[in-house]
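This report describes selected secondary-structure elements of the structure shown below and how they are arranged.

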Amino acid sequence: MKNINIFDRYKCIFIDSAILIALFAFLLSYFHPSLILSQNIPTGGDMASHYYPAQYLKDVLLRKGRIVGWLQGNYAGFPLFQVYFPCPFLFIVLLSYMIPMQIAFKIVAILGIFSLPFCVYSTLRLMNYKFPIPILGALFALPFLFMEANSMWGGNIPSTLAGEFSFGIGLSLSILFLGFFYRGIENRRGIIGNGILLFFIGFNHAYTLIFSVLTSAFFLITLEDFVYKLKYLLKVYLIAFLLISFWAIPLVANMAYTTNFNIVWKMDSFFEVVPVILIPFAGISVAGSIAHGYLWITKREPTDLRLWYLWFGIFVSMFFYFSANKIGVVDIRFLPFVQVLLMVIAAVGFSRGVQYVKLSWMIPIIVAPLIFLWVSKEVAYIPQWIAWNFTGFESKEFWPQFGKINQYLKGTENDPRVVYEHAPEHNAIGTTRAFESLPLFSGRSTLEGLYMQSTITSPFVFYIQSEISKVASAPLPDYTYTSLNLKEGIKHLKMFNVKDFIVISDVVKSAIRQLPEFQLKASFSPYEIYELTTNDNHYVTPLPYEPVLCITNNWKKLFFEWFKDSRVNGVHLVLYNKKTCSQKATDSLPFRHTIHDDNLKNIPRIPIDTRGAYVKELVKDDEVLIETNWIDKPLLVKISYHKNWKVIGAREIYQVSPSFMLIYPQSKYVRLYFGYGISDYLGRGLSILGIIIIGISLYSRKIWYRLPLLSYIIKGIHTAETVFYETGFFRVLRKNRTKILTGVLSLFLILFLCMVFLQKKDPQKLYNDGLKYFDQKKYAQAKRNFSTILKDFPYVSAAADANYYYAICFFKENDYQKTIDIFQSLIERYKDSNWVPESYYHIGLCKARLGDISCARSTYAYLITNYSVTVWANYAKDRLQELKTDDQ
């Protein structure tokens, strides 16, 4: 009887504990410990490319007392962890001092997955929801985790396996923050704890920080204890801001030296946002909230502020989803918050729906196995992907070849760079991005890397990729790309000091064998390694022509156009900002010639006699040592420019096209090193201040009043608060809070609708919708979207794509003359686009169908001659053969 009484008393705790253990076991049944605890380097998607930064952080950066530091291995060098989020990697390194690095990496990589159900459970308890709501919330998190509808949005298992584990950890912490913040507001405590938690959220991912900050602002809308809540929020935000300042302030200060990446995701169906596995729970959340709203309106029960708090988080997420492209962020990153919160709200709605059922304490016991069965039924590819990732590089088909390639290329960052053809066949090594880890396995630097937003060099790297690959990834929406063209690519490879070229496709192998500049050096089937014999193999070289000062407001666009134009890119452009430029300032610079903005055609070409020039360099992790006799003459340093680079032995470091550094030595020995800027020192100072404030607060609150300056500030705040409360303005606020709240919510609704409307005018949204119409064979609507882009947004990256599909719409409608006209305009407008060969092919088809056989033949012949390595040249050969057959 005693045991039964204990069970009756603690049955909720027993049930919660048992189900949480079952949840953990269910996850472990997919992430088998034998996979997680095996010592291999994980693969799959972006996952593999995260390992090298973690190893570099441990072996190089932390030993120099740095978290953010220079990495030479990718993108001609970039500041590692300046833009991407260091927190998970620091945790990996910390664990690696106790367990092997590979295992530490895997544990942290799946941390967000395993922690989400427990964070949901904790949040619902912190928000004072009673049993069984918290445990149902934990269970309902499983469908979100196992959702296979996307693998790039973040939070779910496929996204984590693709490499988005930083977002997953941040998502779990942000859900936990909702509960702690609610409890803190209600109990008037926890400011420091919530501030620290908010810091860790931001240190894991920026999107989760945005969500957490704006969702917590919900409490300002209620107007109850407005001043107290405002002060509470500001204190929490201030603590988080101070703690993260050492990283965030340099990030913001150096945003000019990053590359924008704000794609608009193409949505084909509502079921991408709410797939089948989530539909029952989304339905419960909506139905339950409507029922609660009805009961509140009819005054049958009081409103549940907690429920509106969760819905406000959904509203904030949707608002940013629709406005993301306008503020330069990725829209789909905000949808996981919507999906998770729908699961959380569903737990509330479901529990209220069954609250009058007898023996309701058994509901979780019944629901748990149903959830496990539902999830297992909907899962398809996740088990295979888990096994693929966590059996590591070492188990993959091409691992022997990959190992031999790395052994052949063995070297250091001082050796010339290695480039490789982008190809889906690399997945046989473990991921299509396998060769991004060349610095880890071979010690040699390569061009491509994972963190493409972290540097100004990535647009040029991916343009080179499109020149030397059969299939290009073309990931940056603000930039254009070309098709396979090794002749043009050679000049760019030399510009980036590339010596070795790894090739896999037959198309590129065939093309490269026709060029005497390349020599086959090694073969590890199906890979071949070629050496670019005409490269000088130096990172520091004298310029053959005098550099030209370039005064512009849009240097990124101008330098990219310069890079693509082989007629002018032999003369390097030196950046000087138009906003800060004066005639007196330009006169003091060592440049005799100046151009303005888009005046690329008039670049003077003045040779420099480099005979007798002696330059010897040694490239290290974060410094370049130069010995030279080239005093007061221009030396090009083929490493990415960043304003934190410092120089000894030269007057200044200049930013020069495409994204490199230029110096004029003043002594025989020159040293360039990656140092600290003002923003670094400011950020560190503020973070130290934050730690001091936390320490003092934890030690004694009264000590604040013993510090003269702080005591005056605190007294001032209290005085302002008293005055504010006593003003007629605040009394009006309290008296009319319902009307004001309605007005505020209406304003938010108007802003939301404006963002939805503005998104319809966004070129990427227009393009995505145009593709949707095209796939549905609604060519009239598709043409309207594509023509709008060409008319209103002719210079965006999607414009060339829109031009192509605009022409194809007319081709599908058998309007061949219009098709020819539009394809010819594409060739004229976007002459370096990868659509050009296909445009010539379709022009040939249209000419033939219009009966102009002679023009069709000449078009095919031109395509075969000038784009011989493309698949469209092969198709053109087939069409020519058909025309010959018809003649016979």
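## A covered helix

The buried residues of helix H4 pack against helix H3 (47–61), helix H5 (101–109), helix H9 (165–187) and helix H10 (191–204), contact being heavy atoms within 4.5 Å. Helices (H or I, at least four residues) and strands (E, at least two) are DSSP runs, numbered from the N terminus. H4 spans residues 87–96, and seven of its ten residues are buried, that is, under 20% relative accessible area with a 1.4 Å probe and protein chains only. These are Cys87, Pro88, Phe89, Ile92, Val93, Leu95 and Ser96.

## Basis of the model

The model is predicted: local features need pLDDT of at least 70, side-chain atom pairs count only at pLDDT 80 or more, and totals for chains, interfaces and linings use all residues. Residues are numbered from 1 along each chain as its sequence is written, and side-chain values use heavy atoms, with hydrogens and water left out.

## A four-stranded sheet

Four strands form an open sheet of mixed pairing in the order E3-E4-E6-E5; strands pair if DSSP finds at least two bridges between them. Its edge strands, E3 (417–420) and E5 (518–524), each pair on one side only. E3 runs parallel to E4 (residues 498–503), joined by four bridges, and Val419 stands opposite Phe501 in E4.

## A hairpin

Strands E11 and E12 form a hairpin with three residues between them. They run antiparallel, with five bridges joining E11 to E12 (residues 623–628). The bridge partner of Glu617 in E12 is Ile626.

Terms used:
Buried < 20%, exposed > 50% of the residue type's maximum accessible area, 1.4 Å probe, protein only.
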